[in-house]
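Let's take a friendly walk through a protein model, one feature at a time. Keep the picture beside you as you read.

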Amino acid sequence: MSVFHERLFADQVAWVTGGGSGIGAGIAVALARHGARVALTGRKAEKLESTAARIRASGGDCLVAP
């Protein structure tokens, strides 16, 4: 449940640094849930891919750039 409109970030791209875990991953998932296409960067490719898989599994669009 969210107080924000479901497609708040439709047609927007969000670049999330540190998106592999913690707050960065949570922000990336939330942005994707609200329609943003997400680009993830960080130090550990395997963690980034894990977050990207979560986003893609829920129907989101995600690019990983370690």
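Start with Arg-37, which counts as partly exposed because its relative accessibility is 49%. Please keep in mind that this is a predicted model.

**A salt bridge across the chain**

What does the side chain of Arg-37 meet in a salt bridge? Its partner is Asp-61, and the N to O distance is 2.8 Å. Arg-37 belongs to strand E2 (residues 37-41), while Asp-61 sits in the loop between H2 and strand E3 (62-64), so this pair ties together parts that are 24 residues apart in sequence. Asp-61 has a relative accessibility of 38%, so this residue counts as partly exposed. In general, side chains of opposite charge can pair when their charged atoms come close.

How many salt bridges are there in the model? The count comes to two. The other pair to look for is Arg-56 with Glu-49, where the closest N and O atoms are 3.7 Å apart. Glu-49 lies in helix H2. Arg-56 is partly exposed because its relative accessibility is 40%, and Glu-49 is partly exposed too, with a value of 38%.

**Two helices side by side**

Now find helix H1 (residues 22-33) and helix H2 (residues 45-57). Two packed helices are described by the angle between their axes and the distance between the axes. Here the axes come within 10 Å and cross at roughly 20 degrees. An angle under 35 degrees counts as roughly parallel, so H1 is roughly parallel to H2. The crossing of H1 past H2 is right-handed.

**Buried residues**

Is Thr-51 buried or exposed? Thr-51, found in helix H2, has a relative accessible area of 2%, so it is buried. Val-16 is in strand E1, and this residue also counts as buried because its relative accessibility is 7%. For both residues, the cut-off to remember is that buried means under 20% relative accessible area.

**Distances along the chain and in space**

| Pair | Apart in sequence | Apart in space |
|---|---|---|
| Thr-51 and Leu-40 | eleven residues | 8.6 Å |
| Glu-49 and His-5 | 44 residues | 27 Å |

**The segment before strand E1**

Finally, turn to the segment before strand E1 (13-17), where Asp-11 has its place. Asp-11 has a positive phi of about 65 degrees, although this residue is not a glycine. Is Asp-11 buried or exposed? Its relative accessibility is 78%, so Asp-11 counts as exposed.

Leu-8 lies in this segment before E1 as well. With a relative accessibility of 42%, Leu-8 counts as partly exposed. Which residues make a nonpolar surface patch with Leu-8? They are Val-3, Phe-4 and Phe-9, and the patch they make together with Leu-8 has an area of about 420 Å².

Notes. Residues numbered from 1 in each chain as written. Predicted model: local features only at pLDDT ≥ 70, side-chain atom pairs only at ≥ 80, totals over all residues. Heavy atoms only, no water. Helix = DSSP H or I, 4+ residues; strand = E, 2+ residues; numbered from the N terminus. Buried < 20%, exposed > 50% of the residue type's maximum accessible area, 1.4 Å probe, protein only. Patch = residues over 30% accessible without salt bridge, like charges linked within 9 Å, V, L, I, M, F, W, Y side chains within 5 Å. Areas by Shrake-Rupley, 256 points an atom, 1.4 Å probe, with all protein chains shown as cover. Salt bridge = Lys/Arg side-chain N within 4 Å of Asp/Glu carboxyl O. Axes fitted to C-alpha atoms, helices over the stretch in contact; angles between N-to-C directions. Parallel < 35°, antiparallel > 145°, perpendicular 65-115°, else oblique. Left-handed = near helix turned anticlockwise from the far one by under 90°.
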